Amino acid sequence: MVSMHDWLTSAERDRHVAGLVRRTDDRRHPRASTLDLASNDYLSLSTDPRLRAAAVQAVEKYGAGAGASRVVTGTTPCHTELERELADLTGQPAALGFSSGYTANIGIITALGSPDTLLITDAHIHASLIDGARLSRSPVAICPHGDLDALAHLLRDRSQERAIVVVESIYSVLGDATDLVRTAALCAEYDAFLVVDEAHGIGVAGNGRGAVHAAGLAGAPHVAVTATLSKALGAQGGAVLGSPLLREHLVNTARTFIFDTGLAPAAAASAAEACRIIAAEPSRVEELHRAAVAIADAAGVSRAPGAVQSIPADSPEQAVAAANLLYEKDIVVGCFRPPSVPDGISRLRLVARAGVDLDRAQEAARLAARWSRAASIV
C-alpha cells in the first residue's frame, strides 16, 4: 500500500530528476520593459483601449459574470454579438461561444462521438482534443502527423459507420500547417466530418480570417472549426463554428456548454470588438508575419507559417537553462518540455507579435538559438 502523500512525493522527485518541473510564477509576467516573446497575444489586442472599453461597458451593463449556464439565464446580448462577429470574420454560417477553447474542443468531440464513430486524430493535436477523444466513447485511431496517405488508409478501411478527422490548422508543437484542402477532400471522398482547431490560425492565417477561410472551406458542410478567443483575439473563451444544424446540436448535447456557466460578458464583448478590428485592420496581421520572418531568420530556423517560431533544445534541462538566461536579460520566451510536447522535442518557442521591437526580437532569437545547445552554456 502506498499513501497519496508518498505517491505525490515520488512524483515530485521524478519531475525534478527529468527536468520537467513547472511553476505558476508571477515574476514571469511581462513588465513594461520586458520583451515578451512568450504570450499568445499575437496581435497585441489584449491591451488595446477599444477592447478594454468594450469589456468595461459590458461589466457595467451585465455584471462581472454570466451568472448561469447559457441555456438558463447566462446568454446576454454580448454573447449573441460575439457569435455574429466570429461568424462574419471567419465566413462561417454560425458560431457558439464556450467558456474556453479547451471546453469548446471537448464539447464538440464528445457531442459528435459515439461507439460507431471512428475518431482519427493527428498525432500532434492539442491536449484538449485528446481529452475530448478519450471522453467521446468513440474508437480512436492516431494518424501519423500530417500523413495524408495514412489518413486515406484509415478512412477507407474503417468498419465504423461514421468518421471524424481531427486536426489543427497550424500546430504549436512544430509550427507547421495542415494541408486543409487535401485533408478536406479526403474527408469528402470517404464521407467523414473534419474538425479543424484554429487556435493558432484565426487572427494569423488568411488575413486574420483563419486557415479554413483561406483554403476556401468556410461554410463547407463537412467542416467545423474550433477556436480560442485568448490568443489573437486578446480576450478569453472559445467557440465552435459551422452549420446552424451543428450549433443546434451542440446547444442540446455538448456537456461543456450545457453544464458550464456562460462566458463572462466582458470577455465576450472584448472578443467581438477584436473580430471587428482584425477585419478592419489587416496591417496588424502583416506586422505579425514580418516579425515571424525576422525571428526565424535570426534564429536560423525555417519560418513556421504561424506566429510561433520554434527552436529545438538539446534537452529539457537545456531549454530551462536557456529560458532562464534570457529572462535575466528581461526577455521572456516559451519553454516547452514533455508532456506539453512529444518526448524528445524540448524547445524554446518565440512568439511573433504585431508591434514587437524587431531589433530586440532578432537579438533574442540569436541568443535563444545559441543557448539552446548544451555546449553553449558552461
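I worked on a predicted model, where local features need pLDDT of at least 70, side-chain atom pairs count only at pLDDT 80 or more, and totals for chains, interfaces and linings use all residues. I number residues from 1 along each chain as its sequence is written, and side-chain values use heavy atoms, with hydrogens and water left out.

Entry, rings. I searched the whole structure and found one aromatic pair (Phe, Tyr or six-membered Trp rings with centres within 6.5 Å; planes under 30 degrees apart are stacked, over 60 edge-to-face, the rest tilted). Phe98 and Phe257 form it, edge-to-face, at 5.5 Å centre to centre and 65 degrees between the planes. Phe98 is in strand S2 (residues 94–98) and Phe257 in helix H10 (residues 255–258), 159 residues apart; strands are DSSP E runs of at least two residues, helices H or I runs of at least four, numbered from the N terminus. Both Phe98 and Phe257 are buried (under 20% relative accessible area; exposed is over 50%, partly exposed in between; 1.4 Å probe, protein chains only).

Entry, charge over ring. I noted the charged end of Arg349 over the ring of Phe336, 3.3 Å from its centre. The criterion is NZ of Lys or CZ of Arg within 6 Å of the ring centre and within 35 degrees of the ring normal.

Entry, Glu273. I placed Glu273 in helix H11 (residues 265–280). Is Glu273 buried or exposed? Glu273 counts as buried because its relative accessible area is 17%. Leaving out residues up to four places away in sequence, Glu273 touches Arg50, Leu51 and Ala54 (contact means heavy atoms within 4.5 Å).
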